[in-house]
Amino acid sequence: CEYMARILFSPIGDTDPVRYCYDGACLHIVRHYHPDKVVLFLTKAMSEKEKNSQRYSKSIKHVAPDCQIDIIYTDIEAAHLYDSFIDILPAEVHKINTEENEVLLNLSSGTPQIKTVMAILSVENDLKGIQVISPNKASNSQTPHMEDEDDIEAVLQNNFDEYPDAENRCQEPPLQAIRACGERQRLLSLIHMYEYAGAYSLIKGSSHISQEIKNIVHHAVLRQKMLKNEARKILSVVDGMKLFSNVSSIRNKGQQEKVENLIEYLLNVIITQRKGYIGELLVKCNSYLCELLLYHINNNSKVKLNECMSGERLSRHRLQNMYPELLEYLDKIFCPEGFRSGAPNLGVLCNICYYIDERALVVNQDGHDSMVAILHKIADNDGFRKMRNSAAHNIANTNEERLVSMLGMHSQELLHLLVKLSDYILPVDVKKASSVYDILNQAVEKRIMV
């Protein structure tokens, strides 16, 4: 197998290169890990010391004569401020973090702020972070450090870590607290973007995330996949709130299933809008409206379209036999060709809804006029028809700005109308049902903060 170069990336602090007759962290790691190369990251003050006496490079060469040394000189003066180095230090680590290199990170040199960032880089990039314990097993703050006028050669000769039986004070800490914090932040970021599959993949094997949180996220993954029955087995209530609509008032089991499926599809449409996938949103809106209106006509009116279907096609012949006046109405709408047998598209279904409204064929007329008014705003919008057809063939060219210019409304307004329309048609509390993912996210946030 090919040889991997071992590279130590090391900030430099006051304990380097030697402090009170013992190795500083950088030198001690070089002594015990034998890197092929050391990359020194120097603040302005440390840069001046290296340029004046080569104290850091000479110390490394003293311990490892064949070790290559690269030095990053910076103008950083306030190393106690994250903003002073946060755009520089991580970028330098990323430069050397390649498949050809084994990267070691010195977690014990530099300001507390630099050490913290180094620990985070170790965890996030799966790099080997190394801490060096002080010789007195306590803080070094009271131990005098090397002065500018000290002779580096003499300091190195009087170094107790040069002795053959000197203790190896290097440790590779598991950094569990940082790992846990990092996982939690990534989890929150993913669920806020409604990327539940990615979130579950991140946490399902984690020892830092509770099983309760894993169940909530897994439930959301299954809901997004329209696997409601599997999701229900994992979780049906969270924090006293039911995650599924009560459909017990619907006597027919098949209709219960239909209503639940419509709610799940509506939730899918809502997530698509929140993710900003406008082209996909229009295509899904079209599909959802077709299913919703089919349900409405078959369950809330005296016209039973299922009886006029031949497989997936609405049959002209069956319409002629069962609802001749409706067929005559459709023929006038779709003149000169007239209505032809085929899958009932949104245009056909909308016009059937207008027909049953005009003829007062709705089982319960309360609110039906308002429902029809909303339907006109969406389905009869020329912009919606054009964008729907365009998006079906080229989703990439559809964005929020174009949506507003063609529909005269934002995607959020379109979604609001869709939820309101569904609330008129479906025998459940659609507004409450549409907040399921908000409930799930809040439940995760609540448990993450504990």
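Which residues touch the most other members of the largest nonpolar core? They are Leu187, Leu305, Leu314, Leu319, Ile352, Leu375 and Leu426, out of 93 residues in that core. Helix 12 (278-300) gives this core its largest share, twelve residues. Apart from it sits another core of 22 residues, including Ile7, Val39, Val103 and Leu107. By nonpolar core we mean a set of buried Ala, Val, Leu, Ile, Met, Phe, Trp, Tyr and Cys residues joined through side-chain atoms within 4.5 Å. Buried stands for under 20% relative accessible area, exposed for over 50%, and partly exposed for in between, with a 1.4 Å probe and protein chains only.

Before going on, a word on what you're looking at. This is a predicted model, where local features need pLDDT of at least 70 and side-chain atom pairs count only at pLDDT 80 or more, while totals for chains, interfaces and linings use all residues. Residues are numbered from 1 along each chain as its sequence is written, and side-chain values use heavy atoms, with hydrogens and water left out.

Leaving aside neighbours within four places in sequence, Ile352 is in contact (heavy atoms within 4.5 Å) with Ile297, Leu305, Leu314, Leu326 and Leu330. Now find Ser315, in the loop between strand 12 (313-314) and helix 13 (316-322). Helices (H or I, at least four residues) and strands (E, at least two) are DSSP runs, numbered from the N terminus. Ser315 counts as buried because its relative accessibility is 12%. Not counting residues up to four places away in sequence, Ser315 touches Cys308, Ser310 and Ser341.

Next, the empty spaces. Rolling a probe the size of a water molecule over the atoms shows where empty space is left. On a 1 Å grid over the protein atoms alone, a cavity is a set of points where a 1.4 Å probe fits but cannot get out, and a pocket is an open set with protein on both sides within 12 Å along at least five of seven lines; lining residues have an atom within 4 Å of a point. Grid points are joined across faces, edges and corners, and a volume is the space filled by probe spheres set on the points.

There are two cavities of 30 Å³ or more. The largest cavity has a volume of about 50 Å³, and helix 11 (253-275) gives the most to its lining, with four residues. The second largest cavity holds about 40 Å³. Its lining is Ile12, Asp16, Pro17, Cys26, Leu27, Tyr56, Ser59 and Ile60. Helix 1 (25-33) and helix 3 (55-63) each give two or more residues to that lining.

Finally, the second largest pocket has a volume of about 290 Å³. Of its 14 lining residues, Lys258, Glu291, Leu294, Asn298 and Asn306 lie nearest its centre. Helix 12 turns up again here, with the largest share of the lining, five residues.
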